[in-house]
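Dear colleague,

Please find below the structure that I am handing over to you. My notes on it follow directly after.

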Amino acid sequence: FDLLLEPSQKRQLKSSSRKNITIPILAALVVFSFLGFFVLYPNFSNKITEETQISEFKSNKPVILVKPFSSIGQEGDLASQAITESLISNLLQYGGIKTLSSSTSYAILEKNLSDDDLKQQFDVSFVISGNIQAFGSTSRLYVELADLSAKQAIMSINKDFKLENIFEVQDEIGRKILEKIQVDAVVGTKALTSQRDYNTYEQFLLSINRDVEWRKWTREGNAKAIQITKRLEELGVDKYVIQNARVWDLHQNILLGHSANPEADKSTMLEYADDLVANRGRDDDYLIRAIIELEHFDASCEYATELLNKIQDPSANADNFITSGFIHSRCTNLEKAAEAFRQGLALEPVDLGYQVTRMYSGILYALGDYGALKELLEPILPDPELLGMPFWFYSAVLSDEGKKKEAQEYYELGVAYGADEKWIMPMLNTEEAYRRLLEHLSEFMN
């Protein structure tokens, strides 16, 4: 996706006559939208390629289908196609979900697939559908978001608008749908807080993509997160929201070994974090200050716990549980860490970038709870987005069970996806678990 989107405010329809201008603009919008289909997908209405079916979408991210909107009236036909393409385009820009392409959407329409077919063939989680009625100077848009697992509509929108305002309507509908998907399908209730920090659709879309990039825990993801934070500052987002994001960015940048001046970055990070705690005091301010205390400064479990106890509602969202789990793990309260991670995962519909799964897998291995570890990892292995260390933990369990050939395969996958001895102790937190893992993997390492 394009991280630095052009502001939606720059898209303007300069019209003096709705009859003479609006229809050509809508027609042009639809022509450009569909031109790519006929060039790239000459038979798009008659086939669905294997690449677009479920094998492409093996991931923990929810799959979204936008059904082509129906319409009444000539101008309604043009507007319905424009709205369909706009929604697909907007959703494709968010990395926390997987959105089926336009070609697949129209092919599905031609094949008239049932909801059961959509789930079986494409693993579709949510379906967006709707219609437009165009009469005279006003059009009416109806949009519905349905959860296929629950077999019910979870959101509906009715909107009256003039066709010359279609761009503004597209942004408004796109944001409402993304906000609902954020809560119900991706990060859970923490999205409700973050939504209030951003005033425009552009800010909101950038912020949720920043979260996706940050949680990858890769240098590329960190670089993109930093770029987005800078862009959000340029767009006038509140200074404390920016400071909090910068502390998380610097913290990750240092740990990934990507900082050009770690000591200077630590100083900046501490200045921002202390200012946040003193002058804003939101839950996520206490959380990041506790984390950097343990990772970069005095490693005082007493102070970190004191900050943790200032959180107003530890069960308010997944991040509170996840950070609590991290703090407990660093202070070697592994049972408390495991329970916090478990509850964090339960509150998050999707573990973006498998960030929590990675930390939780290390704690389960350290506790010797191999059954729970296998239950956690087997549904998602061998997804490379897990990164390397969970592969090593799973390999060690297989080795302990005498399944040496399979264990070696997962060990080698771990190496390919970035596993390294330097990460063992930070993830397991105890010398006993460290030695046990090396013992299980020693024949493969040698």
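Predicted model: local features only at pLDDT ≥ 70, side-chain atom pairs only at ≥ 80, totals over all residues.

Residues are numbered from 1 along each chain as its sequence is written, and side-chain values use heavy atoms, with hydrogens and water left out.

The mean pLDDT (the predictor's confidence in each residue, from 0 to 100) of the protein is 82, and 82% of its residues reach 70 or more. Confidence is lowest in helix H1 (residues 18-40), with a mean of 44, and highest in helix H17 (residues 389-400), at 97. Helices (H or I, at least four residues) and strands (E, at least two) are DSSP runs, numbered from the N terminus.

The whole structure contains 1 disulfide (a pair of cysteine sulfur atoms within 2.5 Å) according to the search. Its partners are Cys301 and Cys331, with sulfur atoms 2.0 Å apart. The pair links distant parts of the chain, 30 residues apart: Cys301 lies in helix H12 (residues 301-308), and Cys331 in the loop between helix H13 (318-330) and helix H14 (334-347). The torsion about their S-S bond is about -110°, so the disulfide is left-handed.

Strand S5 (residues 138-147) runs antiparallel to strand S6 (residues 152-161), and 9 bridges join them; strands pair if DSSP finds at least two bridges between them. Ala146 has Ala153 in S6 as its bridge partner. The hairpin has 4 residues between the strands, and Lys151 there takes a positive phi near 55°.

Yours sincerely
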